[in-house]
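Subject: Model handover, backbone notes

Hello,

Here is the structure for your set-up work. Please read the notes below it before you start.

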Amino acid sequence: MKRLLIFLFFISFYGNSQNYQDIERGRNFCGSLAKSFASERVAEDALGRILSVFGEKRNFVVQQCDNVSNAVATVLHPSTIRYIFYRKGYLEDVNSNYPYLNTKYWSNMFVLAHEVGHHIKGHFSEGPDTSIQEAQMDEFEADNYATSILFHLGATLSQTVAWTNNMLITEGDYDDSYDEHPTYSRRKSAIIRAYNSLSNSTPRTPKSDNTDVADMYITANDIVLRYLERIGGLEKLKSIETMFVEGKTKFQEYEMEYLSVLTKPNKFANKISLKIDGNTNTLTKIIFNGTKGVMLSDFQKPIYFKPKDNKIYSFKSMPIEEINWINNSKIAFVTMESGSKEYAIYSQENQITYFDANTGLITRKYELIDKETGLAPIPGKETTSTYTFYYDYKVFNGILLPSRFKLFTQDGTTIDFSNMNYMINPAVSKSNINSLFYFE
Ligand SMILES: [Zn+2]
């Protein structure tokens, strides 16, 4: 939609910045992290069965990843993007068609439930473990969670312990004094104890509360399509060739002006200016000409987009970038953190977009950006984050768009544009519009 955030480059940040190491690590073991959002039905279904036992909501992304041996839970950005990575093909054996006969099914379900357990029990929300003992406690807790899931899903003791048993046979035990994972024999005994402590209880009937089940199975595509339908309908949105967006606000004691031009298929230009002593000063100008981009200002040398930024922008289907999110996004989690229910989806590796579950409209976007340039994060360099909230949706030429943006940066800066105006397919010649995207 409207890229407002880049100009943050010019507002200095002194807030806490996040370490990018986690994303780097994620990328290192998943070369395909950014590209492959295709969701696998088998994995989604298995996950649905696990979460249905206690009616828990998903708070993580499930992502196929070539470089993990089976499955692993991790967090790439603290308490924002929680992942379970799994190897392609690994979950094929959790196909629900032949569950009870297949030991492999239960082994894999155990591993998946163990990883889910790490997220459900919040093992990543307080940063890395501080000691081996603490890390091992987390492993026992995740095993304990997986054991109860398998018990309630109908696994026998030997099926529940099958994975651990197999590891014990194939890999054997090792000295775990310095290892975050306790030995397989310690884990096996704990699983048997946990299973036996449940064996007198009646297996739970999976929760079938309609809303929970709906939330469990809702896909990113459902959410994106609903949004596009809600704001004008896909056909109408696809007919938008060009959009002008303008807004004014006060920034400190100055009048700030925002102007942007978005045109098909992916060209984008915006300008932020400040009125100082009656003169209009351009603070930043960002131009993306369809192939490459630049950030220009009165105070600095041009900053050319990095290949990665060019790639991100090439991919945006301007003027309505959400059109390209169809089949390219992934549900991240369902949340009530702002008081009403929101669906969070992940459309790029550094961006989460929240949708109001009732209205279907976008409520806010979270972005992790490079601290220095405001562009896409660069591995090894400091990052910061911003939230943009969207309110007061109004109809502009038949399209429902937010008339108010409110931007919050991590250092506490707030910028509130309250009277955004949109011009859809304005009467401006193609060559005049194209000239706006010219730069050297
Ligand atoms: Zn674990």
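Helices (H or I, at least four residues) and strands (E, at least two) are taken as DSSP runs and numbered from the N terminus. The model is predicted, with local features requiring pLDDT of at least 70 and side-chain atom pairs counted only at pLDDT 80 or more, while totals for chains, interfaces and linings use all residues. Residue numbers start from 1 along each chain as its sequence is written.

Positive phi

Asn 425 sits in the loop between strand E17 (421-424) and helix H12 (430-435). Its phi is positive, about 45 degrees, although Asn 425 is not a glycine. For exposure, the count is of other C-beta atoms within 10 Å of a residue's own, with C-beta atoms placed from the backbone: 20 or more is buried, 12 or fewer is exposed, and in between is partly exposed. Asn 425 counts as partly exposed because it has 14 C-beta neighbours inside 10 Å.

Asp 277, in the loop between E6 and strand E7 (279-288), is also not a glycine and has a positive phi near 50 degrees. Asp 277 has 6 C-beta neighbours inside 10 Å and therefore counts as exposed.

Cis peptide bonds

Lys 264 and Pro 265 are joined by a cis peptide bond with omega about -10 degrees. Pro 265 belongs to the loop that runs between strand E5 (254-263) and strand E6 (267-276).

Another cis peptide bond links Met 318 to Pro 319, with omega about -5 degrees. Here the proline, Pro 319, is in the loop between helix H11 (307-315) and strand E10 (330-335).

Regards
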